[in-house]
Amino acid sequence: MKHVKIFHKIIALNIANILLILVTGFLAYHSLEQVLTKLRFMEIADSLNATFLEMRLAEKNYFLYAEKSALSDIEAKTEATIKTIESSRADIARAIGEGKTTRLESNLKNYGRSLEGARTGEGGAQSKVRAAGRKIMEFMNYITSSERAEVNRIIADSKRGLIFSLALILFTAVGVTLLLSARVLGSLKRVEKAAHLISEGEFEKIEPEKSRDECGMAVSALLSMAAELRNREEEMIEAKKLSSIGILIAGVSHEIGNPLNNISMLAQNFVELYDRMNRDEHVEYVKKIEEETERIQRIVKDLLDFARPQKPDFKQSDINSVIDKSMRLVQNMISICNIEARVELATELPKVYIDENQVQGVLINLLTNAIHACSPGDRLRIGTRLNPDGARVEVEVEDTGKGISPEILPHIFDPFFTTKGPGGTGLGLFVSYGIIKNHKGNIRVKSEAGAGTCFTIELPVCDL
Amino acid sequence: MPGFKVIVIDDEKIVGQMIKVAMEPEGYLVETFLNAEPAFARLRQEKFDVVITDLKMKGADGMEVLRTVKTAYPEVKVIMVTAFASLDSAVEAMKGRVDGFFAKPLKIKELKECIRKLLTPAEPG
């Protein structure tokens, strides 16, 4: 059954059901026909019985009251009866069988013969006629009662048969539907699971499909799609890496280019205007040059942090305590900026497997960004909670600050993207993104210009 | 070149300062801006001779400065400066009738030479 297509199964089972219905119908029809035949016979038998009664009455008149005309009356009736039987012989034979019909006929003939004996004045004719007449009556009574019993039996049988076959049809229909839906639902579950695993990017966990029916084929198609997706994903990651290296290089050249240009111009003017400047101005120029080199230094340091990340020191940690530590470090900034901060930590959170320093760096980065986005009186909230599926801990950093406009939102994780002017290197969120990804976590952002921003970090629960 | 008026737009403060310091001893009047919009406002108030603008800036960028200035004041000379020199940006600048195009680090002497030539009426020949 496993390799038969569901479509074929449905067709086959439907054909079986239709056959079952046809057989039931045929049986019911057959029983009806039988009953009808018997009823037709009963009608004939009734009229025959009436005739026989009249015959026997006439018989009595003839013998008791010596009515001469009665004999020919009986003869005519017997003739007529034989004719009636002959004309509906087929119906009668069908109802009671050939043997009984012949016996009825021979009984009648016998009666006729005994009547002839009576006419010729044969000795003992009276008792012969009477006996033959009685025999016919008895035989007819026997046949009608047995036929009546037969009709009852047929009706009872067909009733039973109908109930049984209806039950069978119902059972197969329901059973088949349940069986098929169980299989289809089962396969859909597998498809759903596979799709879920694909969306999670966990391609290795998808079980290969053995069944070759439609659902099996759907799963197989999904699997080949997953394989294709995995290839594409690898290609995409490569492309992304390349493009982020490109963005990085462009960013570096621009970011370093500006202070270099400043140093160059300061130096040119320093030489050119040296004689016209006093000592203080000389010192001021050189200080500015020093400041610009520091700017380059800062960029290079962030870049090195990014390019040569220290080996992360993963260990089981309580995310809430990391948040508390981070909050202590930014508390001063929050008070100075006159921001209302709220910490909403879920209790009894499972441990996460993280490098505390790195995650703290990410949190401080997010908190600092939030503080910078806020004006006095704005609110900042940091909270933790367990994902509904219990596999991830979520940290939310939310502010009611100026928000991020939709056109720059897609770029906030790009290297060197900053809205802070020369003060920011544009590497904070870029590095944070890398750190969270390195933790097999996820970082996402929701923002509305003018209304605020919410960063959500997801970290997998420690499963050690 | 006494009396000529120059606007410098660059989000790096030092660029404007250095150009101002280098050119004012030669009689130029230099005003510096960190972005384009206030410079546009200033241009509406008074006639300037040269606009020196950075290409890559937040808000209106150098190309927009070039277009705006050349549309409203065709006689004003526009010089583009960029740390992000690429063939594409140079070609685009040429199409926008830029009068000078410099890559950073900017050579102040070359910039001054360029401005001097731009402001000297062509020799009758």
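**Values against definitions**

Mentor: In chain A, 22% of the 464 residues are buried. This is a predicted model, in which local features need pLDDT of at least 70 and side-chain atom pairs count only at pLDDT 80 or more, while totals for chains, interfaces and linings use all residues. Residues are numbered from 1 along each chain as its sequence is written, with chains lettered from A and ligands numbered from 1 in the order in which they are written.

Trainee: What makes a residue buried?

Mentor: We count neighbours: a residue is buried if 20 or more other C-beta atoms lie within 10 Å of its own, exposed if 12 or fewer, and partly exposed in between, with C-beta atoms placed from the backbone. In chain B, 31% of the 125 residues are buried.

Trainee: Why are H1(A) and H5(A) called roughly antiparallel?

Mentor: The axes of H1 (residues 6-65) and H5 (residues 125-200) of chain A cross at roughly 165° and come within 9 Å. Axes are lines fitted to C-alpha atoms, for helices over the stretch in contact, and angles run from 0 to 180 degrees between N-to-C directions. Under 35 degrees counts as roughly parallel, over 145 as roughly antiparallel, 65 to 115 as roughly perpendicular, and the rest as oblique. H1(A) and H5(A) are therefore roughly antiparallel. Their crossing is left-handed; that term applies if the near helix is turned anticlockwise from the far one by less than a right angle, and right-handed if clockwise.

Trainee: How do the residues of that contact divide?

Mentor: Into 31 nonpolar, 12 polar and nine charged. Ala, Val, Leu, Ile, Met, Phe, Trp, Tyr, Cys and Pro count as nonpolar, Asp, Glu, Lys and Arg as charged, and the others, Gly among them, as polar.

Trainee: How do you know that H1(A) is roughly antiparallel to H2(A)?

Mentor: H1(A) and H2 (residues 68-87) of chain A pack at about 160°, with axes 8 Å apart. That makes H1(A) roughly antiparallel to H2(A). Among the residues that make this contact are A:Leu48 and A:Met55 of H1(A) and A:Leu71 and A:Ile74 of H2(A). Residues are in contact if their C-beta atoms, placed from the backbone, lie within 7 Å.

Trainee: What makes H3(A) oblique to H4(A)?

Mentor: The axes of H3 (residues 89-96) and H4 (residues 98-120) of chain A come within 7 Å and cross at roughly 125°. H3(A) is therefore oblique to H4(A). Here A:Arg89, A:Ile92, A:Ala93 and A:Ile96 meet A:Glu98, A:Lys100 and A:Thr101.

Trainee: Why are E2 and E6 of chain A called edge strands?

Mentor: Five strands form an open, mixed sheet in the order E2-E4-E5-E7-E6. E2 (340-344) and E6 (442-448) of chain A are its edge strands, as each pairs on one side only. Strands pair if DSSP finds at least two bridges between them. E6(A) and E7 (residues 452-460) of chain A have seven, in the antiparallel sense, and A:Ile443 has A:Ile457 in E7(A) as its bridge partner. Helix H9 (residues 356-373) of chain A packs on the sheet, touching E4, E5 and E7 of chain A.

Trainee: Why is E4(B) called largely enclosed?

Mentor: Six of the six residues of E4 (residues 77-82) of chain B are buried, so the strand is largely enclosed by the rest of the structure. B:Lys77, B:Ile79 and B:Val81 cover one side, and B:Val78, B:Met80 and B:Thr82 the other. E4(B) pairs with E3 (residues 50-54) of chain B in the parallel sense over five bridges, and B:Thr53 stands opposite B:Met80.

Trainee: How many residues does the contact take from chain A and chain B?

Mentor: It takes 14 residues from chain A and 13 from chain B. On the side of chain B, helix H1 (residues 13-23) gives the most, with five residues. By class, that side has 10 nonpolar, no polar and three charged residues.

Key: Contact = placed C-beta atoms within 7 Å. Helix = DSSP H or I, 4+ residues; strand = E, 2+ residues; numbered from the N terminus.
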